[in-house]
Every structure is written in C-alpha cells, then in structure tokens.
Amino acid sequence: MQAVRVPAPDPREVREASLDELSRLRLPLPPAQFPLVWEPGDEIELRPTGEIEARIAVLHLILARCFGMPPRAAMEWLLASHLVDMVTPPEWEFVMGGKGDHRSFVLHHDALFSLAWVLGLTKQLDPTIPVDERLVERMPHIAGGELFGQWRARILAAPQHPADAAALLDLHYCLDWAYLETERAGRRLPGLVDANAIGQRRWALEWAVVLRGPYHDEPPGWEEVDLST
C-alpha cells in the first residue's frame, strides 16, 4: 500500500490540544519555547504499510529472542520471511549473539504497541494504559510457523490517517518531556505507564510519521531517530 501525503494540520492547534491533554492528566507543561514538531505548510505521510509491517515483525522477533527463542530458530524465521535486510546492525548482534542491552530490547514492547496502533491493529494508545494484553494475538505466530507474508494476509492492516498519527506524535513529544520531568521531581505519574514506555511509543511514532518541508531531513532509519529534544 502506497503512502498518502497530506497537508499537515495547524501545528499550533495540535499543540494546544496536546497541552490540554497534559493538563487533564495533571502533568507539567513544557516551557513556552518548546519546539513545534512541524511548521505551517508542511506535509505529512506515513511510511509505506509494508515497511511498518516489517518493522513490527522484526521487533516481535527480537522480543521472542528476549524471552528464550534460540538464535538459529530466529535466523531461520527471518530468512524464510525475507526480512534479514530489515534488521538493524544492533538488532542483528542481539538476535545472533545476544549482544547488547537486553533490557532496552524488552522495552521495545511499547514501540511495537505504538506501531500496531499506526496500522489499526489496536484501537487506542492511551498514555495511562499499558500494552494491550491481546496484542500478541495480532502479531506473527512465530512459534507456530506463521511467516511474515502469511501474517500480513491475516491482519489486513488499516493505517491511521496521517493527520491523526501526527497529532499523536505531537502529544507524545510533549508527554515524553512531561513524564521525564515528573519522574525527576519524584512525583506520581497519572497511570501505569512510565517514562521509558512513553519514550518507546514516541520513538515508533517519530519513525512512522514522515514530515515533509523545508526544515525536515529525509526520514531517519530506526536507529537514527533522535529523541534528545
């Protein structure tokens, strides 16, 4: 399915809605100079559906490795699913040799949840609610031998409208700041989701939502997403 490029919504209206949500959650608001995610006149699109599906499948496989899947079985599944080229170098080192920060790969569960929302595989991405326990039913049944192509045919992805995904990206940009600030201050968060999970959800949205305009570079690779601001 080809990506559809549309005019971006008014960034100030979207930001106002994001700040209203932070206020509703009783979270601190970012400073007045906090940057907008895009500028008036920019365009937005989602990455191609097949690319997002491939990223979901790879993340799901990595989580399977985190919880005991043998390297050989993981490699065989990637080869049979024609996904080897979609694995990043750090992911490859983990899948094949268990190298890297195991905990950081486990945290990708929330990035996976976020991408599932982008493709319409889960109904909501509420910052106060943990990953939907039923999400695993919508992932490839790797242990049962379901390959990537078979999974794609089963799920029938229905991607979100790019403007809705962009609005959720802006919200998570603000939430990321607010959750880190709340944890630094030792205050209570509004739900069962912590700053690490919010950061993972933002990571996925930053990758999946493509911004086009004079101030935007080409879309980053998965490992190149910048969460420093």
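Q: So how much area do domain 1 and domain 2 bury between them?
A: About 1700 Å², with 71% of it on carbon and sulfur atoms. Buried area here is the accessible area (1.4 Å probe) that two parts lose on being put together, summed over both. In domain 1, Gln 200, Arg 201 and Trp 207 lose the most area to domain 2, together 38% of what that side buries.

Q: What should I know about the model itself?
A: This is a predicted model, where local features need pLDDT of at least 70, side-chain atom pairs count only at pLDDT 80 or more, and totals for chains, interfaces and linings use all residues. Residues are numbered from 1 along each chain as its sequence is written, and side-chain values use heavy atoms, with hydrogens and water left out.

Q: Where are the two domains in the chain?
A: Domain 1 is 6-44 + 161-212 and domain 2 is 49-155, with bounds from an automatic or database domain assignment.

Q: And how many salt bridges cross the interface?
A: The rule finds 1 between domain 1 and domain 2, asking for a side-chain nitrogen of Lys or Arg within 4 Å of a carboxyl oxygen of Asp or Glu.

Q: Which residue does Arg 201 form a salt bridge with?
A: Asp 110, and the closest N and O atoms are 2.8 Å apart.

Q: Nice! Which helix gives the largest share of domain 1's side?
A: That's α9, with 10 residues of the side touching domain 2. Helices here are DSSP runs (H or I, at least four residues), numbered from the N terminus.

Note on methods
Helix = DSSP H or I, 4+ residues; strand = E, 2+ residues; numbered from the N terminus.
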